Amino acid sequence: MHIAEGFLPVGHAVAWFAVATPFVIHGARAVIKESKEHPESRLLLAAAGAFTFVLSSIKLPSVTGSSSHPTGTGLGAVLFRPPVMAFLSTIVLLFQALLLAHGGLTTLGANVFSMGIAGPWVGYWFWKLSNTLGWNRNVGVFLALAFADLSTYVVTSVQLGLAFPDPVSGLLGSVAKFMSIFAISQLPLAVAEGILGVLVFRLLTDVARPELERLGVIRPAQVVGA
């Protein structure tokens, strides 16, 4: 991820577009609703999108036809829930395909599904699990960003494996090969992204605490003497 322009067979590219489109439409509606009902959230939405754009623009060569990089989608999933990130990630990936030659238009559906849908949902599940278990909030943020990153590349490996099954070991063998190559660069990147996410989240709690409290991301501060 990003899977390069023209790298997927036509049938696969069309299928991933079909699968991703409903999520993107739902996400667009969620962004519009949030912006209309809470205009003060627009800056935070923009920050979540910018965070994803900047991190996912860091491109390291990896599997042929793809690349490794942080994704940044876990932060937006924690702040606004995963549907929002399907729409924001689509915008990010579209701009990157047009302006930076990262990914492509024909592979946009596949890239959106892995980075904008699967990654945010997995990251959000880890955030919710951490909260349920009563772990420190920083641990939850770290897990959300790290696993949103890693799950993106697991899904990308499956996408590539489906498109290019190994002649000997078949689909599972192909997926395992793609995952093993991605892991060399992606495991340390996921750890670094998790740490960066904790630092950014701490900053947001200082500059946007009222919004985070309204969104239910953090608990309202207790008033001394109350």
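## About the model

The model is predicted, so local features need pLDDT of at least 70 and side-chain atom pairs count only at pLDDT 80 or more, while totals for chains, interfaces and linings use all residues. Residues are numbered from 1 along each chain as its sequence is written, and side-chain values use heavy atoms, with hydrogens and water left out.

## Helix 5

Let's start with helix 5, residues 108-132. Helices here are DSSP runs (H or I, at least four residues), numbered from the N terminus. The expected span of a helix is 1.5 Å times one less than its number of residues.

Along the way, helix 5 has a kink of about 30° at G119, shortly before the proline P120. The bend at a residue is the angle between axes fitted to the seven residues ending there and the seven starting there. Of the 25 residues, 18 are buried, so helix 5 is largely enclosed by the rest of the structure. Here, buried means under 20% relative accessible area, exposed means over 50%, and partly exposed lies in between (1.4 Å probe, protein chains only). After helix 5 comes G134, with a positive phi near 75°.

## A buried histidine

Where is H2 found? H2 sits in the segment before helix 1 (10-37), and its relative accessibility of 3% makes it buried.

The side chain of H2 has a polar contact of 2.9 Å with that of H69 and another of 2.6 Å with that of Q96. A polar contact is a pair of N or O atoms within 3.5 Å; within protein, one must be able to donate a hydrogen and the other to accept it, and residues adjacent in sequence count only if both atoms are side-chain atoms.

## Salt bridges

How many salt bridges does the structure hold? There are 5, each a side-chain nitrogen of Lys or Arg within 4 Å of a carboxyl oxygen of Asp or Glu. One of them joins R214 and E40 at 3.8 Å, N to O. R214 lies in helix 8 (residues 209-214) and E40 in the loop between helix 1 and helix 2 (42-56), so the pair ties together parts 174 residues apart in sequence.

Another salt bridge pairs R209 with E213 (3.5 Å, N to O). These two are 4 residues apart in helix 8, so about one helical turn separates R209 and E213.
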